[in-house]
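Hello,

Here is the structure I promised to hand over. Please open it first; my notes follow below.

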Amino acid sequence: MLFSLHFVSILFSIAVFAGFFGALLGVGGGIFIVPALVLVFHLPVKLAVAASLVSVIATSNAGGSSYVEQHITNLRLGMFLEVFTTIGALSGSVLALYLNEWLMLALFAGLLFYMSISAYVSRHHDDRQIAAGAYANASPDAWSRRLSLSGGYHDHALDRQVDYVVRGTGIGAFVSYLAGMASGLLGVGGGVLKVSAMNRSMNVPMKAAVGTSKMMIGVTAAVGSILFYLAGLIHFYVVAPVALGTTAGAELGTLVMNRLRSAVLKRIFAVLMLYLAYGMLVKALALRFHIILPSLGS
Amino acid sequence: MAQQLQPTAANVYSIVFRVLFWGMVVSTSLFALGVFRALQHPVAIPLAPIPLLSFHATLHGLARLDPASLMLTATLLLILTPVVRVVLACIAFAVDRDPKFVAVTGIVLAVIVLTVVLGRLGLR
């Protein structure tokens, strides 16, 4: 594969798309980047995972800085959960160095299926909770009280201050560990798992969860990237166009995120994830069991 | 939230924002320059693990705008940005006399150090 203008243009365009959607949904964009590198460019999955991890940091810096500036990010909550995501990322990336290619593809397909279903099921959750005032009228658990994890932000789409009380820190910590593991193992930010846990189990509104997750995925992906870099798996010629594209996409996505309602986004996201999950599963089955399924154009 | 912040808490927000923003600006510029230079002399992308460039070789490469050195530096800066963010937040919490969050950020830094040690030991 030659580092030509054609190669750079296609990779950059895919990365802009991934960064844009990633910023809107609080994910790193790796869930688009890894399938694109594997299915479109036919790269080995470990190289794709390594390149994707670096691009996840890029989207975190770009999108994360903007959410921090707008005070949508809950810094204390994010830094607390980072303890668990980084430990997860270390265990996941160590595992990735030893796992078979087909198994990584199958696990990735499983993650995409989960994300698709989770996004569709939770599409109206946020609007209902804010309208009912449920985010502000909850009791914090012991850890949330001890570490002052609760917060608030101004929602531009609703034109109101949304305060919330954080609870469920135990389940949040556990899911953060799993999200970190998914990050190190599969080259994603793990944002969907964290956003969904913060939103549904920790009583954090969707946008605050997205902003907080966006900051957390940077240091989480940094842990995996360090290990992949030292193993010689980070190829700069792949990383560079991807990082540039995801940064540009994340900047664009962050500009419009606080002005959009999440239900429409989640529906589009669910369909897209299902499509990519199928593509990765087809590749895994072909690789391990020589079962050839129709590829649906991927 | 912004109106309710203590001055020191607002400082942490400001520090985190600046680190993330400038990390992004510098690494993006180096990546862009690296891609531009690489497109002038297209090479085949290797599909196997690549040997690490030494610090010395990277510095020499940067001096003559070698694309691999530019992109390597951009990648390392990108990886370091969130790490620096945690270090500075840890210091800000220490200045703020918030020992619980000094411990929280300290654990994250310990995991990062452990990762570097494991990587240097040659996990493959």
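In H8(A), Gly180(A), Ser183(A) and Gly184(A) make the contact with H10(A). Their partners in H10(A) are Ile217(A), Thr220(A), Ala221(A), Val223(A) and Gly224(A). By class, this contact counts five polar residues, three nonpolar and no charged ones. Bear in mind that the model is predicted.

The geometry of this pair is as follows. H8 covers residues 169-186 of chain A, and H10 covers residues 206-230 of chain A. Their axes lie 9 Å apart, and the packing angle is about 45°. An angle from 35 to 65 degrees falls between roughly parallel and roughly perpendicular, so H8(A) and H10(A) are oblique to each other. Their crossing is right-handed.

Now chain B itself. It has four helices and zero strands. From the N terminus, the order is α-α-α-α. Chain B has 124 residues, and 35% of them count as buried. The radius of gyration of chain B is 19 Å, whereas a compact globule of 124 residues would have one near 14 Å. The C-alpha trace of chain B spans about 55 × 35 × 25 Å along its principal axes. Among contacts in chain B with a separation of 6 or more, 62% join residues 24 or more positions apart.

One more element in chain A: helix H2, residues 30-40. Is H2(A) mostly covered or mostly open? It is mostly covered, with nine of its 11 residues buried. The buried residues run from Gly30(A) through Ile31(A), Phe32(A), Ile33(A), Val34(A), Pro35(A), Ala36(A) and Leu37(A) to Val38(A). Just after H2(A) comes His42(A), with a positive phi of about 55°.

Best wishes

Conventions:
Residues numbered from 1 in each chain as written. Chains lettered and ligands numbered in written order. Predicted model: local features only at pLDDT ≥ 70, side-chain atom pairs only at ≥ 80, totals over all residues. Axes fitted to C-alpha atoms, helices over the stretch in contact; angles between N-to-C directions. Helix = DSSP H or I, 4+ residues; strand = E, 2+ residues; numbered from the N terminus. Parallel < 35°, antiparallel > 145°, perpendicular 65-115°, else oblique. Left-handed = near helix turned anticlockwise from the far one by under 90°. Contact = placed C-beta atoms within 7 Å. Nonpolar A, V, L, I, M, F, W, Y, C, P; charged D, E, K, R; others polar. Rg over C-alpha atoms; globule rule 2.2 N^0.38 Å. Buried ≥ 20, exposed ≤ 12 C-beta atoms within 10 Å, placed from the backbone.
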